[in-house]
Amino acid sequence: MASSSELACVYAALILADDEQEITGEKIGEIVKASGVEVEGYLPGLFGNACKGMDVATLVASVGSGGGGGGGGGAAGGDAPAAGGDAPAAEEKKEEAKEESEEEDMGFGLFD
């Protein structure tokens, strides 16, 4: 979880982006100081450098739009397996995938 001083710098950068101002460490520091939040001296400059050259307004607007996503699965090799031993290999892969999914669900998540 982000600390209150980090959040104050993020909010200050968002305020500057909303006002279509250049996001610099000095401006972030001024907004944070006006808010009454005490932050470490290096944080405003760090956030200012991180935002340098970025269009933060576009970045924020595109957060919920999703990305390219993952590629689709590979195409199937045909309707039926070739004569021979492809069918057992396919069944074995399905069993392995099923076992992995059962092992992954251990009752807790990454963000719990």
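Predicted model: local features only at pLDDT ≥ 70, side-chain atom pairs only at ≥ 80, totals over all residues.

Entry 1, the core. I looked up the largest nonpolar core and found 13 residues in it, with Cys9, Ile23, Ile28 and Val32 having the most contacts inside it. I took a nonpolar core as a set of buried Ala, Val, Leu, Ile, Met, Phe, Trp, Tyr and Cys residues joined through side-chain atoms within 4.5 Å. Helices H1, H2 (25–35) and H3 (43–51) each supply at least two residues of this core. H1 gives the largest share, six residues. Helices here are DSSP runs of H or I, at least four residues long, numbered from the N terminus. In soluble globular proteins, nonpolar side chains tend to be buried together.

Residues are numbered from 1 along each chain as its sequence is written, and side-chain values use heavy atoms, with hydrogens and water left out.

I located Cys9 in helix H1, which covers residues 4–18. Cys9 counts as buried because its relative accessibility is 0%; buried means under 20% relative accessible area, exposed over 50%, and partly exposed in between, with a 1.4 Å probe and protein chains only. Leaving out residues up to four places away in sequence, I listed Ile28, Val32, Val39, Leu43, Pro44 and Phe47 as touching Cys9, a contact being heavy atoms within 4.5 Å. I also noted 8.4 Å between the C-alpha atoms of Cys9 and Ile31, which lie 22 residues apart along the chain.

I applied the cut-off of 2.5 Å between cysteine sulfur atoms for a disulfide, and the structure holds zero disulfides. Cys51 is also buried, because its relative accessible area is 15%.

I found Ser5 in helix H1, where it counts as buried because its relative accessibility is 7%. Its side chain makes polar contacts with the side chains of Ser3, at 3.1 Å, and Glu40, at 3.2 Å. A polar contact is a pair of N or O atoms within 3.5 Å; within protein, one must be able to donate a hydrogen and the other to accept it, and residues adjacent in sequence count only if both atoms are side-chain atoms. Beyond four places in sequence, Ser5 touches Val37, Glu38, Val39, Glu40 and Leu43.
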